[in-house]
Amino acid sequence: GLRGRSRALFMGVLPVWLLAGLAVFGVGFRLGLNAFDSSVIDVGYAGTIGADRLLSGQVPYGTFPTNRGAACGVPLADGSSTAYRQPAQAERCETPNARGDTYGPVTYAAYVPALALVGWTGRWDTLPSAHLTTIAFDLLCVLGLLAIGLRRGGARLAALLALCWVAYPFTTYSMQSN
């Protein structure tokens, strides 16, 4: 950087077909992990609720499920329940998440397409809409890296960037948290 000269970027010696193959394998591996061995944390659950409220024409803020209605879920050892009837939602039985309305509106809007496709039970269960949203954005990241790589360095850089995304443990960890 101080000398003002640029030199060619070293992108490894593996053939492009191998980098691309490993990237495709990595994508498949991540999709398999997401489908069979992952959970949804509070952000995914809140996103699903917020998308549900948007689809029903409500503002998500102040309309998240609470534990104030009649119990309708599985009773817990302390006498509380896993879900409660929500008067503002036509007495729908929903798992409470009273403080889940802390995210921005774009977060909730991002879950709308997946929720419209697969729906929601009202419970913090497997939440397929959260999985679908996560998978869609992960694949968009891979496609974006492919496009950047093709534009800036050709097929080798494109395959390398995609492989780096799918092989990086933290992106996989984040995906597994949906």
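Is L132 buried, partly exposed or exposed? With a relative accessibility of 34%, L132 counts as partly exposed (buried, under 20% relative accessible area; exposed, over 50%; partly exposed, in between; 1.4 Å probe, protein chains only).

The model is predicted, so local features need pLDDT of at least 70 and side-chain atom pairs count only at pLDDT 80 or more, whereas totals for chains, interfaces and linings use all residues. Residues are numbered from 1 along each chain as its sequence is written, and side-chain values use heavy atoms, with hydrogens and water left out.

**View A. Nonpolar surface patch at L132.** L132 belongs to helix α4 (residues 128-153); helices are DSSP runs of H or I with at least four residues, strands are runs of E with at least two, and both are numbered from the N terminus. Together with L117 and V118, L132 forms a nonpolar patch on the surface with about 270 Å² of accessible area. Patch members have over 30% relative accessible area and no salt bridge; nonpolar side chains (Val, Leu, Ile, Met, Phe, Trp, Tyr) are joined within 5 Å, and like charges within 9 Å. Areas come from the Shrake-Rupley method with a 1.4 Å probe, and for residues only the protein chains shown count as cover.

**View B. T133 in helix α4.** T133 is also placed in helix α4, and counts as buried because its relative accessibility is 6%. Leaving aside residues up to four places away in sequence, T133 touches A110, Y111 and A114 (contact: heavy atoms within 4.5 Å).

View C. Buried residues of α1 are L19, A23, G26, V27, R30 and N34. Seen down the axis of α1, they fall within an arc of 100°, so they line one face of the helix; the arc is that of the directions from the helix axis to the C-beta atoms. Their cover includes α4, α5 (155-167) and α6 (169-177). The face turned away from the buried side carries the exposed residues W17, V24, F25, A35 and F36.

View D. The side chains of R53 and E94 meet in a salt bridge at 2.8 Å, N to O (a side-chain nitrogen of Lys or Arg within 4 Å of a carboxyl oxygen of Asp or Glu). R53 lies in helix α2 (residues 42-55) and E94 in strand β2 (residues 92-94), so this pair ties together parts that are 41 residues apart in sequence. R53 is buried, at 0% relative accessible area. R53 also pairs with D52 at 2.8 Å, and E94 with R92 at 3.8 Å. Through shared partners, salt bridges join D52, R53, R92 and E94 into one network.
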